[in-house]
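Please look over the sequence and the structure shown here before reading on. The paragraphs below can be followed with the structure open beside them.

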Amino acid sequence: MPSIFTKIINGEIPCYKIYEDDKTFAFLDINPETKGHTLVIPKNEVDKIYELPDEDYEALMSTVKKLSKHLEKKLGARTLWKVIGTDVPHAHVHLLPYDETWEHGRNLKLTPEEFEEIRQTLEYKPE
Ligand code: AMP
């Protein structure tokens, strides 16, 4: 059965998408720890990042790097990376724009309108 993230990639479950290319996809975490908390995922569904073929791993980390710079530019905040993976068995990297009030595991409560506003700010458009 496809993972919840594969269903998001396929458009079967909605998300606040900010980026997509042929191998990777990125969207806002629905339980954000900081404003702009983003998940970057490979389209190739594997549980653990280190199970990815090199080509997909390199594509994933290239998107992580690109979007980290993008988030920093848009929000003026250093981007932290986090890899947990105990809840969703589809490899993903958390990008957390740093906020000094940030606490691991503490979630912000945002309305759909606030999510959409952040999505519009962070949507990646190649220059
Ligand atoms: P973990 O596997 O521990 O890295 O956590 C999985 C992350 O996926 C959590 O931060 C969840 O809030 C996030 N998440 C789960 N389902 C969704 C969804 N449908 N849309 C956005 N984020 C999600």
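What follows goes from the sheet to the helices, then to the ligand, and then to some single residues.

This is a predicted model, in which local features need pLDDT of at least 70 and side-chain atom pairs count only at pLDDT 80 or more, while totals for chains, interfaces and linings use all residues. Residues are numbered from 1 along each chain as its sequence is written, and side-chain values use heavy atoms, with hydrogens and water left out.

Helices (H or I, at least four residues) and strands (E, at least two) are DSSP runs, numbered from the N terminus, and two strands pair if DSSP finds at least two bridges between them. Five strands form an open sheet in the order E1-E2-E3-E5-E4, and their pairing is antiparallel. Its edge strands are E1 (17–20) and E4 (79–82), each of which pairs on one side only. From one strand to the next, the twist averages 20 degrees.

E2 in turn pairs with E3 in the antiparallel sense over five bridges, and here phenylalanine 27 stands opposite leucine 39 in E3. E3 and E5 are joined by three bridges, again antiparallel, and threonine 38 has leucine 95 in E5 as its bridge partner.

How many of the residues of E3 are buried? Five of its five residues are buried, so that E3 is mostly covered, where buried means under 20% relative accessible area, exposed over 50%, and partly exposed in between (1.4 Å probe, protein chains only). In a regular strand the side chains alternate between the two faces of the sheet. In E3, Thr38, Val40 and Pro42 point one way and Leu39 and Ile41 the other way, and all are buried.

Contact here means heavy atoms within 4.5 Å. Helix H2 (residues 54–75) lies across E1, E2, strand E3 (38–42), E4 and strand E5 (93–97), and runs at about 15 degrees to E5. Helix H3 (residues 112–122) lies across E1 and E2, running at about 140 degrees to E2.

The ligand comes next. A residue is near a molecule if one of its heavy atoms lies within 4 Å of it; of the 16 residues around the ligand, Asp29, Asn31, Asp87, His92 and His94 come nearest. Some of the surroundings make polar contacts, meaning pairs of N or O atoms within 3.5 Å (within protein, one must be able to donate a hydrogen and the other to accept it, and residues adjacent in sequence count only if both atoms are side-chain atoms). A polar side-chain atom of aspartate 29 lies 2.5 Å from a ligand oxygen atom, and a polar backbone atom of aspartate 87 is 2.9 Å from an oxygen atom of the ligand. Taken alone the ligand exposes 510 Å², and the protein buries 85% of that, with accessible areas coming from the Shrake-Rupley method with a 1.4 Å probe and, for residues, only the protein chains shown counting as cover.

Histidine 92 lies in the loop between E4 and E5. Why does histidine 92 count as buried? It does so because its relative accessibility is 8%. A polar atom of its side chain lies 2.6 Å from the backbone oxygen of histidine 90, and, leaving aside neighbours within four places in sequence, histidine 92 is in contact with residues including Leu39, Val40 and Ile41.

Glutamate 33, found in the loop between E2 and E3, counts as buried because its relative accessibility is 7%. Its side chain reaches the backbone nitrogen of glycine 105 at 3.3 Å. Arginine 106 lies in the loop between E5 and H3, and is partly exposed, with a relative accessible area of 29%. Arginine 106 and glutamate 33 are 73 residues apart in sequence and 5.7 Å apart in space, C-alpha to C-alpha. The side chain of arginine 106 also reaches the backbone oxygen of threonine 101 at 3.1 Å.

Key. Axes fitted to C-alpha atoms, helices over the stretch in contact; angles between N-to-C directions.
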